[in-house]
Amino acid sequence: MEIIVNVKAGKGNGKKRLDKVTAYLDERGLPYAVHRTKSKGHAEQLARELSSDGDGKKIIVACGGDGTFHEVLNGIDTEKARLGFIPAGRGNDFARGTQFTSLDPIKAVAGIIEGTPKRIDYIQISNRRCLNIAGTGMDVDVLLRTSQSRNHLSYIASLIKCLVKFEPYRVTIHVEGKEITTDALMVGVCNGSQFGSGIKVAPMAKADDGKLDLMIVTKPVGTPIMLVMPTFVKGKHVGKEYAQCIPCESAKIETDAPLELDGEIYYDLDFNAHIVKNGINSFEPIK
C-alpha cells in the first residue's frame with residue numbers, strides 16, 4: 001500500500017489521520033509506504049511515478065482533502081493501480097456527498113484492506129480529471145475570496161457577498177443535442193452532490209450512475225437573492241425556475257471565465273466535459 005498524504009490538510013488533520021492509519025497498519029503487520037507531499041502538484045507527480053509499474057493490483061491511497069484527491073486522480077494510471085481515499089480535509093465534500101469512503105480513518109483504511117472492489121465514475125474536462133464537481137461562475141469567485149481560509153464559515157460568508165454582488169455572465173451550453181445561451185450565476189457538471197463544505201449544489205448526483213448532472217443557476221426574477229441562498233445551500237433549489245438540472249453524459253460550456261475542478265482553479269482549460277464510467281477502480285466502503 002502506497003499512501004500519498006498531505007499532512008497539512010485540514011489544519012493538520014492530514015497528520016492526525018495518517019498517525020491513526022499507520023498505527024492500525026502496524027498493529028496488523030501490514031506493509032505500507034508513506035509519501036508526504038511537499039508542494040502543490042507533488043501528489044500528482046507521486047501518483048504518476050508510483051502507478052507506472054503497477055499490475056492492476058497495486059494500491060495507492062490518497063490521504064488529504066479534495067484537492068489532494070484531485071491531484072492523485074490526475075496522476076494515477078487507473079489501469080495499473082487501485083485508488084483508495086482517506087478524507088483529511090476541512091470540508092471533505094466528495095466523501096460526505098457520495099459516502100464512497102468513511103470519514104473515520106480507521107473505517108476508511110479497513111475498507112481498503114478488505115479490498116472489495118468498487119468502481120466509480122470521474123469527469124474528464126479536456127485533459128484533466130475531476131472527481132467531484134467542476135464549475136464556472138460564482139463558485140470560482142467564492143474560491144478566490146476564500147483562498148486563504150477555506151473553512152465553512154468563510155465559504156458561506158463569501159457566498160453571501162458573491163450572491164449579492166456577482167453579475168450573471170453569458171454562457172453557451174451544448175448538451176443533449178441542444179444549444180442553450182443564457183446569463184448564468186453558475187454552471188457546473190457534477191459527479192458528487194456537494195461542494196464548499198456542504199453546499200448541496202446537486203443533491204441528486206451519484207458518482208456511480210454513469211451520468212453527469214449539469215446544473216445551470218440563473219438569477220431569480222422577482223425574488224431577493226438573499227431569500228434564495230438558504231435553498232441553494234440546502235439543495236432545495238432544484239426544480240426552481242432559476243436552477244435547471246440536465247442529466248447527461250457530456251456537455252460543452254463556452255465561456256472565457258476560469259473553471260474550478262474539485263476546488264482547484266484553472267484559467268486556460270476548455271470546459272468540455274464527459275463522464276468516464278467506472279473509470280476508477282476503488283474499494284467498497286465500510287459503513
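Helix H2 spans residues 42-51 and is mostly covered, with seven of its ten residues buried. The model is predicted. His42, Ala43 and Glu44 are buried in H2, and so are Leu46, Ala47, Leu50 and Ser51. What covers them? Strands S1 (2-5), S2 (33-36), S3 (58-64), S4 (81-87) and S6 (128-130) are part of the cover, and so is helix H3 (66-75).

Strand S5 covers residues 117-125. It is mostly covered too: seven of its nine residues are buried. S5 pairs with S16 (residues 271-283) and with S6, as tabulated.

| Pair | Bridges | Direction | Example of bridge partners |
|---|---|---|---|
| S5 and S16 | Eight bridges | antiparallel | Arg119 and Asn281 |
| S5 and S6 | Three bridges | antiparallel | Ile123 and Cys130 |

S5 and S6 form a hairpin with two residues between them. Ser126 sits in the turn and has a positive phi of about 55°.

Lys118 lies in S5. Is Lys118 buried or exposed? Lys118 counts as buried because its relative accessibility is 17%, and the cut-off for buried is under 20%. The Lys118 side chain makes a polar contact with the side chain of Asp208, at 3.0 Å. Beyond four places in sequence, Lys118 touches Phe100, Asp208, Ile280, Asn281, Ser282, Phe283 and Glu284. One of these, Asn281, is the bridge partner of Arg119 in S16.

Definitions and conventions:
Residues are numbered from 1 along each chain as its sequence is written. This is a predicted model: local features need pLDDT of at least 70, side-chain atom pairs count only at pLDDT 80 or more; totals for chains, interfaces and linings use all residues. Side-chain values use heavy atoms; hydrogens and water are left out. Buried means under 20% relative accessible area, exposed over 50%, partly exposed in between (1.4 Å probe, protein chains only). Helices (H or I, at least four residues) and strands (E, at least two) are DSSP runs, numbered from the N terminus. Contact means heavy atoms within 4.5 Å. Two strands pair if DSSP finds at least two bridges between them. A polar contact is a pair of N or O atoms within 3.5 Å; within protein, one must be able to donate a hydrogen and the other to accept it, and residues adjacent in sequence count only if both atoms are side-chain atoms.
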